[in-house]
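Here is a note for someone opening this structure for the opening time. It is set out as numbered points, each meant to be read beside the model.

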Amino acid sequence: MGFVLAAAGSAIGLGNLWKFPYITLENHGGAFVLVYLAAIAVVGAPIMAAEILLGRKSRRNAVGAFALLGAGKPGGVVWTAIGYLGVTTGFIVLSYYSVVAGWTLRYIVLAFSGALGGLAHHPGALESFFGGFLADPWAQILCHTLFMGATVGVVFLGVGKGIERAAKLLMPLLFMILVVLAGYVATTPGFGRAVGFLFRPTFADLTAGGVLEALGHSFFTLSLGMGAMLTYGSYMRRRDSIPRAVLTICFLDTFIAIMACVIMFSIIFSFDFEVSKSSTILFTTIPVIFYKLPGGAMISGLFYLLVAFAALSSTISILEVVSSYAIDELGWGRRRAALTTGAAIWVFGFLSALSVGGVDALSKINPIGRASTAGVFGTLDYLASNWFLPVGGLFIALFAGWILTAAESRDELEEGNGPLAGSFGAWRFLIRFAAPAAVGAIIVSVILGAEYQ
Ligand code: PHE
């Protein structure tokens with residue numbers, strides 16, 4: 001229970017509530033959603049099992065796990081590089097994730113002070129408020145700093161009790177609020193169109209870049225490819241079942257992402273919203289329905305509080321990847337590791353915090369076609385989620401499928417679970433063939449510039 005909650009807390013975050021809705025909108029729904037769901041089932045779930053098993057078997061951080069389990073095997077130290085790629089990716093992802101997470105803090109204050117109500121009632125007011133907020137460097141730095149501070153604080157104290165107990169209370173609450181909102185939007189005129197948009201695929205709309213993005217997002221949303229699940233897995237008890245944990249986490253994560261889309265798209269379609277900048281819909285469309293319900297200020301305050309919490313349970317898992325590397329491999333104490341790595345990421349995050357308002361320094365280096373949405377910030381997200389995570393995941397799959405022997409992986413997966421009967425064979429097939437082939441094919445087709453028309 002503790003492990004599943006912490007891991008689900010890592011998976012469920014801004015990826016579900018902020019990122020998935022806006023990239024789904026940008027990629028025209030339907031076919032993109034289908035590719036995403038297929039990626040979760042064929043690539044994401046087996047790789048999550050692989051990461052957790054590597055962590056639990058080695059009881060190490062991302063770098064240490066590959067060093068230990070890869071020792072004396074073909075490829076040897078080359079596998080350790082995958083651990084380093086993971087730690088680097090964690091560094092990058094946290095630096096911009098914390099900036100977006102910081103926005104929720106502003107909205108908590110805005111809601112409880114009553115100011116959000118006035119903005120939500122006047123169409124356009126919220127969008128211009130939000131634009132001004134993004135362009136205010138001090139506000140961005142302040143929110144980013146507060147959020148990094150909270151993240152460092154939790155990792156400093158140890159992930160154990162505090163976050164697990166909070167997750168037990170707050171995750172079900174987030175779930176309930178989303179169900180209430182979904183119930184409400186089901187009565188709005190845009191609901192049917194929203195569901196159709198999500199589940200009626202038109203393959204002509206799909207591009208190679210879109211497929212890569214769906215794949216990358218399946219890694220991002222499940223916290224895969226950088227060793228976050230591996231690191232948490234290193235703390236997992238042997239008597240708990242890995243397959244059951246994986247299925248639960250994947251289901252909850254996907255359910256929340258789809259609900260977030262249904263809610264936001266119903267509003268957008270019902271009120272004929274002009275979505276000028278889709279990466280901000282969590283902050284510009286959601287408040288509109290809150291204030292159509294009784295107790296709008298309360299619900300919206302609570303909602304952004306829960307989003308902040310969902311983001312925090314993700315950011316601590318990212319910082320834990322970097323910190324546990326410093327603890328195990330550099331021999332630092334936990335406190336020193338949390339403070340030092342956190343401070344470095346905080347400073348690096350200034351680049352993103354200052355770019356969300358429209359400064360566009362790095363966007364030019366975006367290697368493959370797709371325009372990044374917001375300068376440094378968009379480029380880092382693009383590189384980390386669409387390239388580093390899938391490449392990391394590909395090598396994790398190859399390692400678990402081809403370097404570990406069947407006996408080694410079977411022993412670990414059956415611990416706490418009893419014989420897996422047919423499902424071990426299914427997992428091993430997916431991890432050896434299906435997952436690497438799918439990830440490899442998508443990466444190659446994007447590099448070759450294929451278009452799916
Ligand atoms: N899965 C988290 C989310 O969806 C983000 C994350 C990515 C966390 C990678 C850990 C590792 O918000």
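1. Val-42 has its place in helix α3, where helices are DSSP runs of H or I with at least four residues, numbered from the N terminus. At a relative accessibility of 32%, Val-42 counts as partly exposed, a class that lies between buried, under 20% relative accessible area, and exposed, over 50%, with a 1.4 Å probe and protein chains only. Val-42 and Ala-438 stand 396 residues apart in sequence, yet their C-alpha atoms are 8.4 Å apart in space.

2. A word on how the values should be read: this is a predicted model, in which local features need pLDDT of at least 70 and side-chain atom pairs count only at pLDDT 80 or more, while totals for chains, interfaces and linings use all residues. Residues are numbered from 1 along each chain as its sequence is written, and side-chain values use heavy atoms, with hydrogens and water left out.

3. Which residues come nearest to the ligand? Of the 15 residues around the ligand, these are Ala-11, Gly-15, Tyr-97, Phe-220 and Ser-223, a residue being near if one of its heavy atoms lies within 4 Å. The shell around the ligand divides into seven nonpolar residues, eight polar ones and no charged ones; in this division Ala, Val, Leu, Ile, Met, Phe, Trp, Tyr, Cys and Pro count as nonpolar, Asp, Glu, Lys and Arg as charged, and the others, Gly among them, as polar.

4. A nitrogen atom of the ligand lies 3.2 Å from a backbone N or O atom of Ser-10, and an oxygen atom of the ligand is 2.9 Å from a polar backbone atom of Ala-11. For Phe-220, a polar backbone atom is 2.8 Å from a nitrogen atom of the ligand. The ligand taken alone exposes 330 Å², and the protein buries 100% of that, with accessible areas taken from the Shrake-Rupley method and a 1.4 Å probe. Two or more residues of the shell come from each of α1 (2-11), α2 (14-26), α11 (208-221) and α16 (296-329).

5. The salt bridges deserve a careful look, and a search of the whole structure finds seven of them, each being a side-chain nitrogen of Lys or Arg within 4 Å of a carboxyl oxygen of Asp or Glu. In one of them the side chains of Lys-19 and Asp-381 meet at 3.2 Å, N to O. This pair links distant parts of the chain, with Lys-19 in helix α2 and Asp-381 in helix α18 (residues 375-403), 362 residues apart. Are Lys-19 and Asp-381 buried or exposed? Both Lys-19 and Asp-381 are buried.

6. A further salt bridge joins the side chains of Glu-320 and Arg-334 at 2.8 Å, N to O. Glu-320 belongs to helix α16 and Arg-334 to helix α17 (residues 334-353), and the two are 14 residues apart. Glu-320 is buried, because its relative accessible area is 0%, whereas Arg-334 is partly exposed, with a relative accessible area of 26%.

7. Within helix α19 (residues 406-414), Glu-414 and Arg-410 are four residues apart, about one turn of the helix, and their side chains meet in a salt bridge of 3.0 Å, N to O. Glu-414 counts as buried at 19% relative accessibility, while Arg-410, at 34%, counts as partly exposed. Elsewhere, salt bridges that share partners join Arg-56, Arg-238 and Glu-412 into one network.

8. His-28 has its place in the loop between α2 and α3 (30-58), and is partly exposed because its relative accessible area is 42%. Arg-59 lies in the loop between α3 and α4 (62-70) and, at 35% relative accessibility, also counts as partly exposed.

9. Phe-433 is found in helix α20 (residues 422-447), and counts as partly exposed because its relative accessibility is 42%.

Notes:
A polar contact is a pair of N or O atoms within 3.5 Å; within protein, one must be able to donate a hydrogen and the other to accept it, and residues adjacent in sequence count only if both atoms are side-chain atoms.
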